[in-house]
Amino acid sequence: MENIETNENYHFSLKLKNSLPWLIPVFLIAFWQVACNLSWVNETLLPSPIDVVTNGIKLFKKGELQENMSISLYRATAGLLIGGGLGFVLGFINGVSHTTRLLFDSTIQMLRNIPHLALIPLIILWLGIGESAKISLVALGCLFPMYINTYHGITSVDPKLIEMGKSYELSKKDLFVKVIFPGALPTILMGVRYALGVMWTTLIVAETISASSGIGYMSTNAEQFMDMKTIVLCILIYALLGKSSDFIAKNLEDIFLEWRAIERRDTNGSEASGDK
Amino acid sequence: MKNLKKSFIVVLLLFWCGVAVYGWHLTREDAGSSSLKNVVVGYQAGDEFYVSKIRGQFVKKMKAKGYNVKFKEFQNGAAMMQALASGNVDYARVGDTPPVSALASGTKLTYVAAGGTKAKGSGILIHKNSSIKTLADLKGKKVAYTKGTSSQYMLLRALKVAGLSNDDITWVNLDSDAASVAYSKGKVDAWANWDPSVAQVEITENSKLLVDGTTTKALNRSFIVSPTTYASKNKTLSKLIIKYTEQDMKWANKNHSKLIKKMSADLKLSKKVVRRSITRRTFSMSSMSKSVVKEEQEIANVFYDNNILTKKINVSKHVQYLK
Amino acid sequence: MAQKLLEINKVGKSYGDSVILSNANLVINEGEFIALVGMSGGGKSTLLRMLAGLEETSAGSIIQEGNKIHGLNKEARVMFQEDRLLPWMNVTDNVLLDKKGKQAVAEAAQLLEQVGLSQYSTKIPTQLSGGQRQRVALARALMSHPRLLLLDEPLGALDALTRTKMQELIRKVCQDKAITTFLVTHDINEAVRMADRIAVIKNGTIWRIVENPYRGKESLGDKEKEVEISEEILAEILE
């Protein structure tokens with residue numbers, strides 16, 4: 001009986017824990033709505049949440065919202081795959097080979113610190129104003145976090161495990177597949193998470209390059225005509241997209257790094273158990 | 001539980017990919033057909049090319065002549081000049097100031113056509129209850145403007161008309177969205193701006209124009225510019241563009257209600273605002289003339305005299321008079 | 001007379017100016033259990049790593065069945081001080097490592113049975129105790145059928161009770177499979193309990209080799225004699 005009770009307590013506190021992160025956003029939105037209703041804020045400067053949502057529904061019915069969102073998602077994903085993939089390959093090569101590390105690393109570190117905004121004129125000159133320019137900018141943004149984390153992950157794999165693998169005559173391929181890659185994976189996945197964050201921020205910038213579609217376009221266009229409802233809607237969409245990509249990344253971590261999550265459950269009698 | 005989570009993530013990822021592929025298809029749609037010669041036209045919302053775009057006749061007529069028109073929207077003139085310099089835009093519809101700045105920075109462009117002005121919708125905004133009653137009252141006040149745009153020229157002209165020197169006011173350089181907040185909060189006393197923003201502010205912020213372009217002679221005229229090498233090779237095409245946009249402009253002047261409805265939906269502005277800005281301007285498009293070149297030269301001179309441009313520009317060297 | 005498997009011939013090792021080991025000589029016979037004792041930092045582990053081919057000799061040579069060891073010693077497997085299990089693989093996969101096929105899986109299961117971990121085959125290393133992890137590491141080493149098993153203080157981090165049990169297990173398994181075993185330890189009692197011969201490292205060389213007549217019987221031998229010989233070796237090291 002006692003056991004069941006503690007169990008229920010446990011479930012209750014679990015529910016509380018799950019809802020805790022949402023407390024502040026929900027409270028903020030409620031406060032915002034109330035502030036608008038009581039005219040504490042000027043509605044032309046900050047529309048109420050309900051206005052923003054109805055505006056969103058209106059744009060959705062016109063088909064504008066989902067079209068712009070899909071186009072943005074396409075640009076973001078393509079940029080992530082290209083930039084993230086390239087960053088992974090470079091990070092991997094530099095993590096493994098000392099020569100290429102000497103050759104490339106300092107150059108990459110130099111390029112890394114250039115703000116993306118500063119590169120827009122160059123990108124327009126080289127790649128024009130089409131999709132490739134926008135995707136390249138996102139790719140550039142995603143490249144560095146993936147590079148740094150892959151590189152760091154691979155170089156910081158426990159050298160004792162690598163020595164074990166070598167002394168147990170693992171082939172180069174097996175050494176990578178069974179020891180180095182899984183050892184670097186936590187750091188690499190952290191890079192994926194970072195890259196996802198950078199992906200959205202660079203996309204906003206990228207979509208100001210002569211875009212006629214995408215969420216970034218929607219927002220800059222609304223900015224020109226002080227359409228606050230759409231501006232706030234776009235901000236909310238970015239927050240939502242950012243949150244959901246982070247959610248996916250976190251769950252990918254949970255799935256791929258299951259071994260890290262498993263606690264030592266059988267502490268009782270483990271020392272003596274298993275002996276004859 | 002664990003498997004449920006896994007399949008949920010897989011479904012989410014598949015959905016993500018599906019949406020992204022759909023987005024890819026959307027961007028492919030306007031790729032255009034291959035047998036026609038592509039012409040890239042840069043515009044800003046609410047301008048002459050925008051009218052041609054929404055009327056739809058322009059694209060059809062151009063297609064009949066063997067051209068595939070692609071409209072590219074830009075957020076401001078500076079971005080359009082950048083695209084023009086890199087050859088990504090063949091014809092750009094801009095205001096009167098960005099081409100002058102672009103010429104000064106070495107962009108090789110040619111004026112191909114001149115449009116109408118927004119003289120009545122461009123000027124210095126003040127609140128109706130403001131203590132500023134005349135141009136002379138601007139002395140000692142804070143005025144918002146955006147560097148490198150017509151608003152800078154407007155303000156310079158207004159000070160000249162009022163007989164004030166440039167140091168008599170505090171110049172506050174702000175982007176239009178930042179300026180709108182600063183103006184409505186009273187952080188600046190006046191705001192040099194143009195339609196449709198002016199119409200919008202007049203209506204929502206209980207404001208009026210202290211002075212407009214008819215007085216200051218800062219007319220805010222539209223131009224069509226093209227990269228110099230492109231313009232010299234495509235004179236026939238330029239003539240066609242002038243001819244067909246001119247027809248669209250005539251249509252626009254006769255069909256205000258249609259235009260207002262479409263524009264207010266696209267720009268997300270109220271019909272009242274759009275009506276005000278439309279009714280006080282006349283749409284037109286014609287080849288370049290000596291008088292408009294003189295107007296442009298005046299801008300170049302004023303900017304040079306005030307050290308905004310570091311190079312003297314002779315506008316007439318960059319003009320094509322098409323007949 | 002047992003056959004000679006390996007000969008350590010005037011071997012020395014130095015890193016720059018600091019000499020770790022010099023003029024070390026030892027013959028290891030096939031099937032015997034030999035222990036190497038000495039103070040920490042005396043070069044015990046270095047010698048083992050040279051036998052494994054993880055480090056090169058600075059002087060002298062190590063000859064294994066007529067061939068000088070150069071590069072990885074493929075006949076040897078090391079059990080390290082830390083278990084060095086791959087935390088992302090379960091117990092069976094850790095034992096298998098790169099080996100595939102039905103036969104290998106069956107052999108891994110049999111080895112796990114032998115080290116008493118059958119019911120843990122699907123657990124991951126973090127779910128096991130230190131002693132259990134070292135047993136997995138033992139099974140992994142045996143999986144490659146090594147001619148020479150090199151034990152680099154594998155029991156150093158375990159508590160006394162687990163340690164005794166592990167000593168018994170390792171000795172038994174090595175005896176059953178007749179594997180030549182080289183144990184490095186700082187625990188003289190452990191050496192006396194497990195080894196046929198005990199090599200003593202002192203002053204940077206192999207100082208003396210002690211025959212251990214009390215080992216090799218079914219039990220761990222005579223307690224009193226064991227203590228006696230341990231004390232003799234200890235006195236010699238500390239002298």
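I began with A:Lys250, which is partly exposed at a relative accessible area of 41% (partly exposed lies between buried, under 20%, and exposed, over 50%, with a 1.4 Å probe and protein chains only). The model is predicted, so I kept in mind that local features need pLDDT of at least 70, that side-chain atom pairs count only at pLDDT 80 or more, and that totals for chains, interfaces and linings use all residues. Residues are numbered from 1 along each chain as written, chains are lettered from A in the order written, and side-chain values use heavy atoms, without hydrogens and water.

I looked up the partner of A:Lys250 and found a salt bridge to A:Asp254 at 3.8 Å, N to O (a side-chain nitrogen of Lys or Arg within 4 Å of a carboxyl oxygen of Asp or Glu). Both residues sit in helix H10 (228-256) of chain A, four residues apart, about one turn; helices are DSSP runs of H or I with at least four residues, strands are runs of E with at least two, and both are numbered from the N terminus. A:Asp254 is partly exposed at 36%.

In chain B I noted a salt bridge between B:Asp266 and B:Lys262, 3.6 Å from N to O. Helix H12 (256-267) holds both, four residues apart. B:Asp266 is partly exposed at 31%, and B:Lys262 at 37%.

Next I checked a pair between chains. A:Glu163 bridges to C:Arg84, with the closest N and O atoms 2.6 Å apart. A:Glu163 is in helix H7 (159-167) of chain A, and C:Arg84 is in the loop between strand S6 (76-79) and helix H2 (91-96) of chain C. Both residues are buried. They belong to a salt-bridge network that also includes A:Lys160, C:Arg49, C:Glu55 and C:Glu82.

I recorded 33 salt bridges over all chains.
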